[in-house]
Amino acid sequence: PVAAVADTSAQTVAWTFGTAESAMLSQQAFRGLLSHVEAQRPVAGSASAILQRLEDGRAVMLACTAETAARPAVIFDLDETLLWNVGHQQWQARHHQPFDPAIWAQWEQDGGPGLLAAPGAVDMVARLRALGITPVFNSNRAAAHAPQTIRDLARLGLGAAVHGENLFLEGDAPGGSRKDTRRSLIAQRYCVLAQAGDQMGDFTDGIDYSADGKRRPPAARKDIAAGPLGGLWNRGWFLLPNPMYGRWNTPPLSLDDAVP
């Protein structure tokens, strides 16, 4: 039988953090995001970048209100979107280790020189702030580590973050690592012009999970992402490359699962 892909390979780490291809994909996504939001003029009733529901095979987006239209924002995931966890991923690959929550918790608190800003992230976030658009960080880092996350965002040049205002973390709302409940909190405060992330859950929980809460199989994830939600990519939703880890590999895929 083909072994499952259970730990981070040296090849995926080398490609993600070491190649011009990966760096340019990051730059490309951020430039596309900037172009998209610069063209937006939110008013009451404007469609946001937050999915409200699927109806008759089409995406219905949450509308901004008169109040939120005055506060435009972009939602960003952090890890492998704005932040590159070079040290942690290198350690995993070098030692052939699967993900360990205890090691990751230590990394969230310590970070250090192995934590970098993704290519293009600092300039893009600064440009958003200059336009009066708030970067809102919606991450599955632990709420208990909010001070360390705030410290690292400032250290890396990504600006100020205030927990509960423009920084939302796992534990801030029901749902665990699923982000829709946090997105709802954000939408009550801001008109969300765009979202950026490296996994489907950074945009909506509805790709990874069906309405009954069950995990969708890989083929179903692809069908919904490319079907009713296909028109959102590069038009409000901006995806960054991450071949190292994610819900696409939970539980671990074998080669036969990925390429039947």
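Mentor: Contact means heavy atoms within 4.5 Å. One caution before we start: this is a predicted model, where local features need pLDDT of at least 70, side-chain atom pairs count only at pLDDT 80 or more, and totals for chains, interfaces and linings use all residues. Residues are numbered from 1 along each chain as its sequence is written, and side-chain values use heavy atoms, with hydrogens and water left out.

Trainee: Which residues is D205 in contact with, leaving aside its neighbours within four places in sequence?

Mentor: R178, K179, D180 and R183. D205 itself sits in the loop between β8 and α9 (218-226). Helices (H or I, at least four residues) and strands (E, at least two) are DSSP runs, numbered from the N terminus.

Trainee: Why is D205 called buried?

Mentor: Buried means under 20% relative accessible area, exposed over 50%, and partly exposed in between, with a 1.4 Å probe and protein chains only. D205 has 12%, so D205 is buried.

Trainee: What makes D56 exposed?

Mentor: Its relative accessible area is 75%, so D56 is exposed. D56 lies in the loop between β1 and β2. Its phi is near 55 degrees, positive in a residue other than glycine.

Trainee: What about N234: buried or exposed?

Mentor: N234 is at 53%, so it counts as exposed. N234 also has a positive phi, about 70 degrees, without being a glycine. Its loop runs between α9 and β9.

Trainee: How do you know that β1 and β2 pair?

Mentor: Two strands pair if DSSP finds at least two bridges between them. β1 (residues 47-55) and β2 (residues 58-63) are joined by five bridges and run antiparallel. Within that pairing, L51 stands opposite M61 in β2. The two strands form a hairpin with two residues between them.

Trainee: What makes β7 and β9 edge strands?

Mentor: β7 (167-170) and β9 (237-239) each pair on one side only. The open sheet has five strands in the order β7-β6-β3-β8-β9, with parallel pairing. At the β9 end, β8 (residues 191-197) and β9 share three bridges in the parallel sense. W237 in β9 is the bridge partner of Q195.

Trainee: Which helices lie across these strands?

Mentor: α2 (residues 20-38) lies across β3 (72-76), β8 and β9, at about 170 degrees to β8. α8 (residues 180-189) lies across β3, β6 (134-142), β7 and β8, at about 155 degrees to β6. Axes are lines fitted to C-alpha atoms, for helices over the stretch in contact, and angles run from 0 to 180 degrees between N-to-C directions.

Trainee: Why are α4 and α5 called roughly antiparallel?

Mentor: Under 35 degrees counts as roughly parallel, over 145 as roughly antiparallel, 65 to 115 as roughly perpendicular, and the rest as oblique. The axes of α4 (residues 86-95) and α5 (residues 101-110) cross at roughly 150 degrees and come within 10 Å. The pair is therefore roughly antiparallel. G87, H88 and W91 of α4 make the contact with I103, W104 and W107 of α5.

Trainee: And what makes α2 and α6 roughly parallel?

Mentor: α2 and α6 (residues 121-130) pack at about 10 degrees, with axes 10 Å apart. They are therefore roughly parallel. F30, L33, L34, V37 and E38 in α2 meet A121, M124, R127 and L128 in α6.

Trainee: Where does the cis peptide bond fall?

Mentor: From T250 to P251, with omega near 0 degrees. P251 is in the loop between β9 and α10 (255-258).
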